[in-house]
Amino acid sequence: MSLLSDFDRRSVAALLALAGAAFCYVTVETVPIGLLSEIADDLDVTPAQVGLLVTGYSVTVAVVTLPLVRLVAKVPRRPLLLGLMAVLVVATVLSAAANGYATLLAARVATALSQAVFWAVVAPVAAGMFPVRVRGRVMAVVFTGGSIGPMLGVPAGTWLGQQAGWQAAFLALAALGLLAFLTLAAALPSRPTRNEHAGRGTAPDARRYALVLATSALAVGGFFTVFTYTAEYVTVVAGMSAALLGPLLLARGLVDFGGIALGGMLTDRNQRLAVALPAALLVATLAGMFAFGADPWVTGAAVVATGLAMGALTPALQNRVMEFAPGSTDTASAGNSIAYNVGIALGSSLGGLALANTGTRSIALVGAVLAAAALAAAFATSAREREAPAAVR
């Protein structure tokens, strides 16, 4: 991504550490999904209670993000990030050491509180270390970590937890978090937001910013409608063997990684297309799953293609947030984090309702409708951009 030529090696090392931290946060949030029975059996609770560890985490992040971001608004970013990483490491170790459900829940709430602030400040801090011309690629690096967490981190954590106990998965994530903490301590500049474009929106517009948040929530909702129930869809609708689920998710994770790189490069060239193209791909993919889902080849290709679409959307939407932020980019990024978690809750709940009431195949249709609404919001954003110069004239 040619970032070495755009700034010093310390900043690049700090950027990679931030991506590693993003990976740790997202994987810690979602890894119980793959270890439901192991945690439930060990702590003598139901799998549904373990599932609440994920739901409660997302709800906590959505509720506390804005208040916490306002609370730490004047805290220097270097000590703030190091403090957040310290909380992540300690709370994850406490999660592994938990001998009861209440202790594990408390440790995860502490992690969620630090994650709420992390996602609000990480994009402005990362962008501030580099010139604006590579901001999209910088966002791609940071969000690579977050995006591959569910795709690669969760399967790896599931395997490790099954082999060595669920606590081993949390300890491994704590070790990765510690490595990110030490790298940031050595490499993060004392004033990471030294480029002014990172602190405020480059083209502030409250209405377009709201449309970007709507695009984010609806696109994530459409994706998670199907992603949450991928196992059910590929086995029941497409008739695929459950043994193929792991390789399929791995392929989606690898394609997601490539999508992030493509999205980062495209958003530095054309921000409108960088959002519209992957949103359109998501609509087409989910609609194709609904129409031709009984064909295992179509379903397999569609599952992988959703990774490409969401991977490309992630840096593009964050770049739009940094562009249209009506105030500080910290607060604007906090709004995007909330929108993302709203999308997760919306998609998983609507997918569950569709699954229970209209059958497995219908979840792809629900996802496609949400994705189409996201595409409409993206077009509305672009339309307002074309209107703005005319209004000035």
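This briefing describes the fold, the helices, the charged pairs and selected residues of one predicted protein model.

The structure is a predicted model in which local features need pLDDT of at least 70 and side-chain atom pairs count only at pLDDT 80 or more, while totals for chains, interfaces and linings use all residues. Residues are numbered from 1 along each chain as its sequence is written, and side-chain values use heavy atoms, with hydrogens and water left out. The protein has 14 helices and zero strands; helices (H or I, at least four residues) and strands (E, at least two) are DSSP runs, numbered from the N terminus.

**Overall fold**

- Along the sequence the pattern reads α-α-α-α-α-α-α-α-α-α-α-α-α-α.
- Taken along the principal axes, the box filled by the C-alpha atoms is roughly 55 × 45 × 35 Å.
- Of the 393 residues, 55% count as buried; buried means under 20% relative accessible area, exposed over 50%, and partly exposed in between (1.4 Å probe, protein chains only).
- Among contacts (heavy atoms within 4.5 Å) with a separation of 6 or more, 86% join residues 24 or more positions apart.
- The protein exposes about 15,400 Å², of which carbon and sulfur atoms supply 69%; accessible areas come from the Shrake-Rupley method with a 1.4 Å probe, and for residues only the protein chains shown count as cover.

- Helix α1 (residues 9–30) has 22 residues and reaches 32 Å from its first C-alpha to its last, close to the 32 Å expected at 1.5 Å a residue; the expected span is 1.5 Å times one less than the number of residues.
- Because 17 of its 22 residues are buried, α1 is largely enclosed by the rest of the structure.
- Tyr25 is found in helix α1 and is buried, with a relative accessible area of 0%.
- Leaving aside neighbours within four places in sequence, the contacts of Tyr25 include Tyr57, Leu84, Met85, Thr111 and Phe118.
- The C-alpha atoms of Tyr25 and Ala168, 143 residues apart along the chain, are separated by 16 Å.
- Ala168 is among the buried residues of α7, which also include Trp166, Phe170, Leu173, Gly177 and Leu184.
- The end C-alpha atoms of helix α7 (residues 166–187) are 32 Å apart, in agreement with the 32 Å that its 22 residues should span at 1.5 Å a residue.

**Salt bridges**

- Side chains of opposite charge can pair when their charged atoms come close.
- The model has two salt bridges, each defined by a side-chain nitrogen of Lys or Arg within 4 Å of a carboxyl oxygen of Asp or Glu.
- Asp205 and Arg208 form a salt bridge with an N to O distance of 2.9 Å, and both residues are buried.
- Glu323 pairs with Arg320, the closest N and O atoms being 3.0 Å apart.
- Glu323 and Arg320 are separated by about one helical turn, because they lie three residues apart in helix α12 (residues 296–324).
- Glu323 is buried at 13% relative accessible area, and Arg320 is buried at 3% relative accessibility.

- Gly222 lies in helix α8 (residues 206–227) and is buried, with a relative accessible area of 0%.
- Not counting residues up to four places away in sequence, Gly222 touches Leu286, Gly367, Leu370 and Ala371.
- Gly222 and Met289 are 67 residues apart along the chain, and their C-alpha atoms are separated by 13 Å.

**Loops and surface**

- Asp44 is found in the loop between α2 (36–43) and α3 (47–71) and is exposed, with a relative accessible area of 71%.
- Phi of Asp44 is near 60 degrees, a positive value in a residue other than glycine.
- Val132 lies in the loop between α5 and α6 (135–164) and is partly exposed at 44% relative accessibility.
- The C-alpha atoms of Val132 and Cys24, 108 residues apart along the chain, are separated by 27 Å.
- Leu105, Val109 and Leu113 make a nonpolar surface patch of about 200 Å²; patches are made of residues with over 30% relative accessible area and no salt bridge, with like charges joined within 9 Å and nonpolar side chains (Val, Leu, Ile, Met, Phe, Trp, Tyr) within 5 Å.
- Val109 is found in helix α5 (residues 101–128) and counts as partly exposed at 34% relative accessibility.
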